[in-house]
Amino acid sequence: MKRLWLILAFGVLLPATARAEPIAISVQSSSGGFSGGTVATGSSTIDLGTVDISASSVGTYLISGLTEGVNYTVSMIVSGITGWDTLRMELLDPIGDGNDALDSAAQPSYVPSGYSTSNNEDGLSFAQDSALARSATFAGGSAKVTADEKTNNGDVLTFAGLGSGMANVTFGLRNYGSNNFLLRLSSNELNGHAPEPASMLLLGTGLVGLAAYRRRRSAIR
């Protein structure tokens with residue numbers, strides 16, 4: 001009996017072992033045919049499964065529980081690539097974490113209440129300077145990756161020039177102390193469906209020049 005009391009006493013006096021908050025990832029909102037797959041997480045990996053994204057569709061994931069200072073490799077299979085060719089990702093920062101003064105005064109209309117576009121002093125990023133893979137590969141090639149993550153305009157990754165059908169997408173996430181943030185995914189229509197204004201101007205100028213050249217040749221004859 002004495003031994004039992006000692007065991008119970010030690011159990012009360014010894015501090016409880018600290019436990020990390022479990023990673024929780026879920027689809028917060030979706031529109032235009034967006035649907036998320038089954039999520040699997042490891043010590044430094046996140047698999048979002050198969051994510052279906054249609055043309056002009058938007059989906060947001062709510063992510064919490066990432067361990068501070070850990071680089072995570074995120075992977076997913078994007079399906080439904082028909083009529084669009086660029087995938088845009090953006091991290092949205094929770095308001096009230098001490099760096100809101102750096103946020104833009106006018107937030108984009110797509111930012112939900114309680115969040116803002118990411119700035120350069122908040123606690124999350126696409127693992128900038130961490131040498132983690134950023135790629136989108138598909139049958140026959142790979143996408144062009146661009147990023148804006150070191151300004152106060154936002155934390156954005158784009159994968160442009162995707163093929164059709166499906167693509168394997170990989171990118172990094174790093175938590176510097178923030179939590180409960182949003183990962184927003186959106187698609188656009190195919191590049192080249194409508195020429196840019198500058199391209200239209202050049203095209204028009206070229207046609208005018210060609211017509212003038214033909215008139216001069218006709219006059220010479």
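I count two strands as paired if DSSP finds at least two bridges between them. Helices (H or I, at least four residues) and strands (E, at least two) are DSSP runs, numbered from the N terminus.

**Entry 1. Ground rules**

The model is predicted, so I note that local features need pLDDT of at least 70 and side-chain atom pairs count only at pLDDT 80 or more, while totals for chains, interfaces and linings use all residues. Residues are numbered from 1 along each chain as its sequence is written, and side-chain values use heavy atoms, with hydrogens and water left out.

**Entry 2. The chain overall**

I looked up the element count and found two helices and 14 strands in the protein chain. Of its 221 residues, 34% are buried. I take buried as under 20% relative accessible area, exposed as over 50%, and partly exposed as in between (1.4 Å probe, protein chains only). I then looked at contacts, meaning heavy atoms within 4.5 Å. Among those between residues at least 6 apart in sequence, 74% join residues at least 24 apart.

**Entry 3. Strand E6**

Which strands pair with E6? I found E12 (residues 154–160), antiparallel over six bridges. E14 (residues 181–187) is also antiparallel to E6 and joined to it by six bridges. E7 (residues 115–117) pairs with E6 in the antiparallel sense over three bridges.

I noted one bridge partner for each pairing. Thr 86 has Ala 160 as its partner in E12. Pro 94 has Tyr 115 as its partner in E7.

E6 covers residues 86–94, and eight of its nine residues are buried, so the strand is largely enclosed by the rest of the structure.

**Entry 4. The core**

I looked for nonpolar cores, each a set of buried Ala, Val, Leu, Ile, Met, Phe, Trp, Tyr and Cys residues joined through side-chain atoms within 4.5 Å. The largest has 33 residues, and those with the most contacts inside it are Met 76, Leu 87, Met 89 and Phe 171. Among the elements that give it two or more residues are E3 (45–52), E4 (58–64), E5 (71–81) and E6. E5 gives the most, with five residues.

I checked what Met 89 touches, leaving out residues up to four places away in sequence. The list includes Met 76, Phe 126, Val 169, Phe 171, Leu 183 and Leu 185. Asp 155 and Arg 184 are also on it.

**Entry 5. Salt bridges**

My rule for a salt bridge is a side-chain nitrogen of Lys or Arg within 4 Å of a carboxyl oxygen of Asp or Glu. The count by this rule is two.

One joins the side chains of Arg 88 and Glu 90 at 2.8 Å, N to O. Arg 88 is partly exposed at 27% relative accessible area, whereas Glu 90 is buried at 1%.

The other joins Arg 134 and Glu 149 at 2.6 Å, N to O. Arg 134 lies in the loop between E8 (124–125) and E9, and Glu 149 in E11, so the pair ties together parts that are 15 residues apart in sequence. Arg 134 is partly exposed at 27% relative accessibility, and Glu 149 is buried at 12%.

**Entry 6. Arg 174**

What does the side chain of Arg 174 reach? I placed Arg 174 in strand E13 (residues 165–175). Arg 174 is buried yet has no salt bridge; the nearest side chain of opposite charge is that of Glu 68, 8.3 Å away. For charge, Lys and Arg count as positive and Asp and Glu as negative; His and the chain ends are not counted.

The Arg 174 side chain reaches the backbone oxygen of Gly 69 at 3.0 Å. A polar contact of 2.6 Å joins the side chains of Arg 174 and Asn 71. A polar contact is a pair of N or O atoms within 3.5 Å; within protein, one must be able to donate a hydrogen and the other to accept it, and residues adjacent in sequence count only if both atoms are side-chain atoms.

Gly 69 sits in the loop between E4 and E5 and is partly exposed at 38% relative accessibility. Its C-alpha atom is separated from that of Arg 174 by 6.6 Å, although the two are 105 residues apart along the chain.

**Entry 7. Asp 103**

Is Asp 103 buried or exposed? I found it buried, at 14% relative accessibility, in the loop between E6 and E7. Asp 103 touches Ser 116, Thr 117 and Asn 119, not counting residues up to four places away in sequence.
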